[in-house]
Structures are given as structure tokens and as C-alpha cells.
Amino acid sequence: MYKLLSHNDLDGVGCGILAKLAFDKQVKVHYNSISGLDREVEWFFENDDKDLFLFITDLSVNEDNEKRLETFYKAGGKVQLIDHHKTALSFNNYEWGHVVVEDDEGKLTSATSLFYHYLIEHELLNPTDVVTEFVELVRQYDTWEWEKNDNQEARRLNALFFLISIEEFEEKMLDRLQTSEHFYFDEFERKLLDMEDEKIERYIRRKRKELVQTETGDYFAGIVYAESYHSELGNELGKEYPHLDYIAILNMGGKRVGFRTIHDHVDVSEVASQFGGGGHAKASGCSLTEDAYKQFVTETFHLEPLQQDAKKNHYNVKRSAFGCLYKNRAGETFFLYEGNNGHWIIEHNHKEIEETFESFEEGEKFIKRNYRAPLVRDEAFVQYLMDRIKKQKAQ
Ligand SMILES: [Mn+2]
């Protein structure tokens, strides 16, 4: 008999699915949160039959359990820990530990991909195309490689995982991996996933209209209130407003702030660490401390949302050879165009400003950061150009 303790995310459940493929009714699988695993391991030592072969995947144990497992192993117990997190590398010091972050070809691993190789190597599972494809989708999702590869199937596999219960997901996947040649989503799942995608799109469209802009420290940040879809929001809002260094997403119910950036010059783990949080360069978070509350809520709550650029233009478009026009709520106009020397020039209320810009992006950044002006609609742009020509003729 086998027992598998794994993480309760897609990668962790991927391991459970593989275990059931390999061992069928001979395995008991339990999924845990990061903090819940140690209790499960203690339970194993207190209650379970010690002839069980214990697998721990996608998670690692605390120091007490580390010692217990080593004693257990030394006394002839069967245990194998398989993980891919950098923080778990020290478990390689044990014969029962197998932690790999990057494989021989330099590809990032996931617990599911490591466990798959383990099962094949030990001749506990025969590799098939469909399982290999499933394992690769899980790996790409878990390592965020899907984003770089725009692997929508991997993203949708994770979306499906959250739309249905873990039991239902396991059952569906097990059946598919045993009966079909290649991985696929069935018609019902595709419909469900399409609906979910549309729902996210509508949510983001709404949130786009609520974003306020603020200057904090060295950075310009966009602030929005949202409980869900943080990655999608951070990505979309970042692209919509590239003049902002990062997006702060406030989850008031959870009393948390998420930080996301699409830029390489910003490390949002540093921003989060100023408030006692942490994370990665492109995605991080912290608790809504008193300081964070003051900076992101109190000081910005009264601000009006940023106005969006006109979307359906044919003429007043960014980087146009005819220039493009911005106008803010106060009625100030900004005409941005490329001068003869390749520099970009701004006319603020019809008067050329002294500063010039190396690129269109720099010019737009200046306008949006200092004056919060969006791109106007075509009609207003054409009117502006006509007035401009009249004025030039009159001079
Ligand atoms: Mn994982």
C-alpha cells in the first residue's frame, strides 16, 4: 500500500492523479495546504500502518518531521519526498529526498513532472502520449512558462481545476488519461472555460475604469480594488497603462495588497518588502498594514479614476506620423509628434514645451504622469488639426 501527501494546487493534484494511475486502489491520496502538511505527517506517524510507502510531493516538512522521517527511513521505513522548490534543496542530503529545480536540459521542473519521471524510472507506470501531454501542461502552468509560450491550454487546465471540485477534476482526468490517446477538453469543459474567460474579460473591463494613479516614492502606481483574478488584472492594466511602474491591487476583505508589474526596471518584491511583504520581481504582496493603508487607501480614495485612451480611432493613434492628441479633464491639450531630428515634441495648449523626448513612449509617459491626459477621439483630433492649420496660415 502507498500513501501520497501532496499540495492542493494543480501541480500537487497532478501528482495525486499520477499516483492513482500507477497504484490504482493501492494508494491513499491526501491534498494539503502548505501549512497543513506537517499535521498530516504527524498523523501518519501516530496512526498509519508503518508498512505503507509514504510519498510527499510538491511540499516539504518542518524540522521535527524531517528528523522523524530520517529516523523512520533509517529503521527501514519507506518514504520518498519529491519537490521542485528552491527552498527544499537541502532535502537532497537525505536518501529519501529528491529535489530538482531545473532539469539537465535547463528546463524548470514541477512536482508532477518529477514524480512522472520517478514512476517511469522505477517501472511503476508506463509513459503514454496523453499522460506526457498532461504532465507538460501542468509543468508549464506551475513554472509560468505558459505565459511566455502563450500556452492557453495550460492556463485553461488550471482554470478548470478551480471551476470544479478536486474530486471531480481527478475523476475526469483519470478517465481521460486512461482512455484517450491525446489530451483534450470535452465540449462541456470548453463551454465552461469560454464562459469563464468572458467573465474575466468583463471584470477587467470594469476594473479598468476604476484605476486611480498615484506617485509613491520613486514610482508611479496604479491602484485598483479587486478580490479576484489578480494576475490577469495586473497584466491587462499594466499593458493598458504602460506609463505606470506597477499596479497595486487592494483586497479589502482579505486585508492584502498585491503588486504586479510588466516592466523589467521595477522589482515589486522590493515594494512589498517596504510593508513587510515579499514575493517575486513581477508579482508580490503584503498585508494591508497601517502604513500600506495610509499610502494606498487614505491618500488615494478621493482621486478620480484615470480616463482611458479612445479605443476605436483610425487617425488619432499612438506613434502616428501626423502626431497624436491627448486632453485631460481640465481641458488641457497635448499634441505629441516626432520632430525632424527624431526627437518627440509636445505642444501643451498649442505651445511647444522646452523638453523633448527620445521616444514616443517617453513623451507619452511625461503627459500621462504629469497631466493624466488620455488619447482623444478621432473627431476631436481632426478638429484640432484643422484649427492648427488655420492658426499656422494666419501667422
Ligand atoms: Mn509545484
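1. A residue is called buried if 20 or more other C-beta atoms lie within 10 Å of its own, exposed if 12 or fewer, and partly exposed in between, with C-beta atoms placed from the backbone. By this count D24 is exposed, because 9 other C-beta atoms lie within 10 Å. D24 is not a glycine, yet its phi is positive, about 50°. D24 belongs to the loop between α1 and β2; helices (H or I, at least four residues) and strands (E, at least two) are DSSP runs numbered from the N terminus.

2. The model is predicted: local features need pLDDT of at least 70 and side-chain atom pairs count only at pLDDT 80 or more, while totals for chains, interfaces and linings use all residues. Residues are numbered from 1 along each chain as its sequence is written.

3. The protein chain is divided into domain 1 (2-185), domain 2 (210-298) and domain 3 (324-394), with bounds from an automatic or database domain assignment. Between the C-alpha centres of domain 1 and domain 2 the distance is 32 Å.

4. Helix α2 (residues 37-47) has L37, V41 and F44 buried. These residues span an arc of only 50° around the axis, which puts them on the same side of α2; the arc is that of the directions from the helix axis to the C-beta atoms. An α-helix has 3.6 residues a turn, so residues three or four places apart point the same way. R39, W43, E46 and N47 are exposed on the face of α2 turned away from its buried side. The buried residues of α2 pack against β1 (2-7), β2 (27-32), β3 (53-57) and α3 (63-74).

5. The largest nonpolar core has 44 residues, of which L18, A19, I56, F115, Y141 and L157 touch the most other members. Helix α1 (residues 10-23) gives the most to this core, with nine residues. A second, separate core has 25 residues, among them L211, Y241, A248 and V266. A nonpolar core here is a set of buried Ala, Val, Leu, Ile, Met, Phe, Trp, Tyr and Cys residues joined through C-beta atoms within 7 Å.

6. Leaving aside neighbours within four places in sequence, Y141 is in contact with L10, W146, A154, R155, L157 and N158. Contact requires C-beta atoms, placed from the backbone, within 7 Å.

7. Strand β9 (residues 256-260) is largely enclosed by the rest of the structure, because four of its five residues are buried. Strand β8 (residues 246-251) runs antiparallel to β9 and is joined to it by five bridges; two strands pair if DSSP finds at least two bridges between them. N251 has R256 as its bridge partner in β9. The two strands form a hairpin with four residues between them, and K255 in the turn has a positive phi of about 50°. β9 also pairs in the antiparallel sense with strand β11 (residues 283-287), over five bridges, and R260 stands opposite A283 in β11.

8. R319, in the loop between α12 (290-298) and β12 (324-327), is not a glycine but has a positive phi of about 65°. R319 is partly exposed, with 14 other C-beta atoms within 10 Å.

9. F357 sits in the loop between β15 (351-352) and α13 (360-371). F357 counts as partly exposed, because 19 C-beta neighbours lie inside 10 Å. Not counting residues up to four places away in sequence, F357 touches H343, W344, E362, G363 and F366. The C-alpha atoms of F357 and W43 are separated by 65 Å.

Key: Contact = placed C-beta atoms within 7 Å.
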